[in-house]
Amino acid sequence: MDSIDKGILKILLKDARTPQRRIAMMLGISPPAVSYRMEKLFGDIIKRFTLYVNPNFLGRYHGYVAFNNLYDWDGDYIAKIECLEETNIYEIDSKSRFELDEKIRKMSEKLGEPKMIYIPNQMPYSPSKFDLKVVGILKEKPLIKPIELAEELGVSSKTIRRHLRYLYSKKFIRLIPIIDLNRAEISIFAVFTSKVEDGKKFFVKYAFTEIEDDKAGIFVNVVDSMDEARDLALKFKREYDKDAEIMITTKYEFL
């Protein structure tokens, strides 16, 4: 792993749809060099790509809950993030806020008192049949090209591109690379804070993703090393929010 390989991985984590030509321009190398390096990264470093579907898109509610990692949750969840702080963060979903609270209660019975609970303000969506067809295919074939998707659905590529722009802009879907962080020698870390505007400005350069409302937010960031992650998180705590929760990721998965 060198700085170019790390640069490719960080770009993909921020936006996995970034074209290779754009990656090449950002890193100052040729497109064939990017293609060659990405082929080498697949398998050992980049395990796969997956399509994350926001539960709101399916008319459901979701939230985030963190527990000590003494036990694992064997029930359903959308995503699981294992953290250096002996913590597992789960993204969970349900049909209603009440059922979401009930799920957290059941998890707490097995896993202990939650270290963090965050259920953002949200408004579930009512997808059309076409929405569901598009997302269903993308879920099975996350790397399918728009023109291939259009052919499979029997519509124009212009229609598909316009619809994909809408789905991505609303954060209903996101293409995510599943990366072996230890072998990649990069670090992902999350900060949970009530200082939302400060978090947006402070982490803008490092942002992988963020989930926030007017009360609180989780800012997930990607940097070169665990030391850099610690330094940035501690600086944010020192300068903006001493009560912020810091979670440095060692492994993540999406189901």
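## Two helices crossing

Helices α1 and α3 (residues 31–41) pack with their axes 11 Å apart, at an angle of about 80 degrees. That puts α1 roughly perpendicular to α3, since angles of 65 to 115 degrees count that way. Keep in mind that this is a predicted model.

Who meets whom here? On the α1 side we have Ile-4, Asp-5, Ile-8, Leu-9 and Leu-12, and across from them in α3 sit Arg-37, Met-38 and Leu-41. Setting aside neighbours within four places in sequence, Asp-5 is in contact with Arg-37 and Leu-41.

## The annotated stretch

The UniProt record, an unreviewed entry, carries the annotation "domain: HTH asnC-type" over residues 1–61. In the model, that span is 51% helix and 15% strand, and its end C-alpha atoms lie 39 Å apart.

## The sheet

Now for the strands. There is an open sheet of 8 of them, antiparallel in pairing, in the order β5-β2-β4-β3-β10-β7-β9-β8. The edges belong to β5 (116–118) and β8 (207–212); each has a single partner strand, so one side of each goes without a neighbour in the sheet. From one strand to the next, the twist averages 25 degrees.

Zooming in on one pair, strands β3 (residues 79–83) and β4 (residues 87–94) run antiparallel and are joined by 5 bridges. Within that pair, Ile-81 stands opposite Ile-89 in β4. Helix α1 comes back into the story here, packing on the sheet and touching β7 (187–193), β8, β9 (217–223) and β10 (245–254). The direction of α1 makes about 160 degrees with that of β9.

The largest nonpolar core has 59 residues, and the members touching the most others are Ile-179, Ile-218 and Tyr-252. Which helix gives the most to this core? Helix α1 (residues 3–14) does, with 6 residues. A further core of 15 residues lies apart from this one, with Val-191, Val-196, Leu-232 and Phe-236 among its members.

Back to Tyr-252 for a moment. Leaving out neighbours within four places in sequence, Tyr-252 is in contact with Leu-13, Lys-80, Ile-81, Ile-176, Pro-177, Ile-178, Ile-179, Leu-181 and Ile-188. That list includes Ile-81, the residue that stands opposite Ile-89, as well as Ile-179.

Note on methods. Residues are numbered from 1 along each chain as its sequence is written. This is a predicted model: local features need pLDDT of at least 70, side-chain atom pairs count only at pLDDT 80 or more; totals for chains, interfaces and linings use all residues. Side-chain values use heavy atoms; hydrogens and water are left out. A nonpolar core is a set of buried Ala, Val, Leu, Ile, Met, Phe, Trp, Tyr and Cys residues joined through side-chain atoms within 4.5 Å. Buried means under 20% relative accessible area, exposed over 50%, partly exposed in between (1.4 Å probe, protein chains only). Helices (H or I, at least four residues) and strands (E, at least two) are DSSP runs, numbered from the N terminus. Contact means heavy atoms within 4.5 Å. Two strands pair if DSSP finds at least two bridges between them. Axes are lines fitted to C-alpha atoms, for helices over the stretch in contact, and angles run from 0 to 180 degrees between N-to-C directions. UniProt positions are given in the numbering used here, feature names are shortened, and annotations may be inferred rather than shown by experiment. Angles under 35 degrees count as roughly parallel, over 145 as roughly antiparallel, 65 to 115 as roughly perpendicular and the rest as oblique.
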